[in-house]
Amino acid sequence: MAGAFSFDSAKPVVYTAGMSVIKSIPFASRLRKFREAANLTQTELAAKLKCTPQAIWNLENGRNSLSVELAAALADALGVSIDRLIRD
């Protein structure tokens, strides 16, 4: 999947040369932490991003892939940098 991040909460961080894939254990919990710090429900965050609450739930549970565009939108909506959102 070129140009996308894939997060799987059950696997360690993996950086693959030549591919835009990052698998990260802490991403789902960081996303939830930043959402809660912004005092947003999954439904409210979904409305800001024009996606479904199920999509946010899937991200927070490591079940959805995250595109670069969605990472940028999430970071903007949560008031954090993309770097802070996806890395420790």
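**A proline and the helices around it**

Modeller: P53 lies in helix α3. Helices (H or I, at least four residues) and strands (E, at least two) are DSSP runs, numbered from the N terminus. This is a predicted model, in which local features need pLDDT of at least 70 and side-chain atom pairs count only at pLDDT 80 or more, while totals for chains, interfaces and linings use all residues. Residues are numbered from 1 along each chain as its sequence is written, and side-chain values use heavy atoms, with hydrogens and water left out.

P53 has a relative accessibility of 35%, so it counts as partly exposed. That term covers values between buried (under 20% relative accessible area) and exposed (over 50%), with a 1.4 Å probe and protein chains only. Leaving aside residues up to four places away in sequence, P53 touches Q42, T43 and A46; contact means heavy atoms within 4.5 Å. T41 is 12 residues from P53 along the chain, and their C-alpha atoms are separated by 8.8 Å.

Next comes the packing of the two helices. The axes of α2 and α3 are 8 Å apart and meet at an angle of about 110 degrees. Axes here are lines fitted to C-alpha atoms, for helices over the stretch in contact, and angles run from 0 to 180 degrees between N-to-C directions. The two helices are therefore roughly perpendicular to each other, a label for angles of 65 to 115 degrees, where under 35 is roughly parallel, over 145 roughly antiparallel and the rest oblique. On the α2 side the contact uses Q42, T43, L45, A46 and L49, and on the α3 side P53, I56, W57 and E60. Six of these residues are nonpolar, two polar and one charged. Ala, Val, Leu, Ile, Met, Phe, Trp, Tyr, Cys and Pro count as nonpolar, Asp, Glu, Lys and Arg as charged, and the others, Gly among them, as polar.

Helix α1 (residues 27-37) also belongs in this picture. Its residues F27, A28, R30, L31, F34 and R35 are buried. Seen down the axis of α1, they fall within an arc of 165 degrees, so they line one face of the helix; the arc is that of the directions from the helix axis to the C-beta atoms. These buried residues pack against α2 (42-49) and α3 (53-60), as well as β4 (65-67), α4 (68-78) and α5 (82-86). Just after α1, N39 takes a positive phi of about 55 degrees.

The protein has five helices and four strands, in the order β-β-β-α-α-α-β-α-α along the sequence.
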